[in-house]
Amino acid sequence: MGMSASKLDRRITITRAELVDTGLGMEPGPYEPIGTVWAHRADVSDGERFAAAQVQATVTTRFTVRSSEFTRDIDPADRILHAGQDFNITGVKESKEGRLQFIELTASARSDQ
C-alpha cells in the first residue's frame, strides 16, 4: 500500500540554525522555525546506549512529507520539532513512491525527554 496525502496526519516544524559571527568565527546560532508541513510518522527503531554509566534511550523515526520546493531544501543540518521532541535529521531521500512525490526524513531523538 502506497503513501497518500490522507496519511499525512502529523504537523511537524522544520528548524534551522543560521550561522552567527561570534568574533572568533562563524558558529551555528539557535534553531529557529522555518516552516511547518504535514507528515506521516513511522517509528522505525528504538534503542539504549550506555555512556558514562548513564542510559540514553533514543528513537529513530521516519517522517514522510509531500515533496515541494521547501521540503527538497531540508538537509541533515536542520531539525524537526514534533510532539515536544526535537529530532536530529540523519537522512533525507526521495520516497519509493515516485519521483518528486514524497520525501523521507529519517531522524532520531532522545525518547526520555
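Strands here are DSSP runs of E with at least two residues, helices are runs of H or I with at least four residues, and both are numbered from the N terminus. The model is a predicted one, in which local features need pLDDT of at least 70 and side-chain atom pairs count only at pLDDT 80 or more, while totals for chains, interfaces and linings use all residues. Residues are numbered from 1 along each chain as its sequence is written, and side-chain values use heavy atoms, with hydrogens and water left out.

Stay on Ala83 and look at the backbone. Its phi is near 50 degrees, a positive value in a residue other than glycine. Most residues other than glycine have a negative phi. Ala83 has a relative accessible area of 66%, so it is exposed. The classes are buried for under 20% relative accessible area, exposed for over 50%, and partly exposed in between, with a 1.4 Å probe and protein chains only.

**The whole chain**

Zoom out and colour by secondary structure. The protein has zero helices and six strands, and from the N terminus on its elements run β-β-β-β-β-β. Of its 113 residues, 31% count as buried. Among contacts (heavy atoms within 4.5 Å) with a separation of 6 or more, 55% are between residues 24 or more positions apart.

**Arg79 and its partners**

Arg79 and Asp86 form a salt bridge, with their closest N and O atoms 3.2 Å apart. The term salt bridge covers a side-chain nitrogen of Lys or Arg within 4 Å of a carboxyl oxygen of Asp or Glu. Both partners are partly exposed, Arg79 at 23% relative accessible area and Asp86 at 30%. The charged end of Arg79 also sits over the ring of Tyr31, 3.9 Å from its centre. That description requires NZ of Lys or CZ of Arg within 6 Å of the ring centre and within 35 degrees of the ring normal.

**Other salt bridges**

The whole structure holds seven salt bridges. Select Asp73 and Arg16 for one of them, at 3.4 Å from N to O. This pair links distant parts of the chain, 57 residues apart: Asp73 is in the loop between β3 and β4, and Arg16 is in strand β1. Asp73 is partly exposed, at 45%.

Then move to Asp43 and Arg41, another salt bridge, in which the closest N and O atoms are 3.0 Å apart. Asp43 is partly exposed at 49%, whereas Arg41 counts as buried at 18%.

**The aromatic pair**

Select Phe63 and Phe87. Aromatic rings of Phe, Tyr and Trp (its six-membered ring) pair if their centres lie within 6.5 Å; planes under 30 degrees apart count as stacked, over 60 as edge-to-face and the rest as tilted. The count by this rule is one aromatic pair. The ring centres of Phe63 and Phe87 are 5.2 Å apart and the planes are at 85 degrees, so the pair is edge-to-face. Phe63 lies in strand β3 (residues 54–66) and Phe87 in strand β5 (residues 85–94), 24 residues apart. Phe63 is buried at 0% relative accessible area, and Phe87 is buried at 0% too.

Show what surrounds Phe87. Leaving aside neighbours within four places in sequence, its contacts include Arg41, Arg79, Ile80 and Ala107.

**The nonpolar core**

Which residues touch the most other members of the largest nonpolar core? Of its 15 residues, they are Ile12, Ile14, Phe63, Val65, Ile80, Phe87 and Leu105. A nonpolar core is a set of buried Ala, Val, Leu, Ile, Met, Phe, Trp, Tyr and Cys residues joined through side-chain atoms within 4.5 Å. β1 (10–21), β2 (26–51), β3, β5 and β6 each supply at least two residues of this core. β6 gives the largest share, four residues.

**Last stop: Glu104**

Finish on Glu104 in strand β6 (residues 102–110). Glu104 counts as buried, at 12% relative accessibility. Not counting residues up to four places away in sequence, Glu104 touches Arg62, Phe63, Thr64, Gly91, Val92, Lys93, Ser95 and Lys96.
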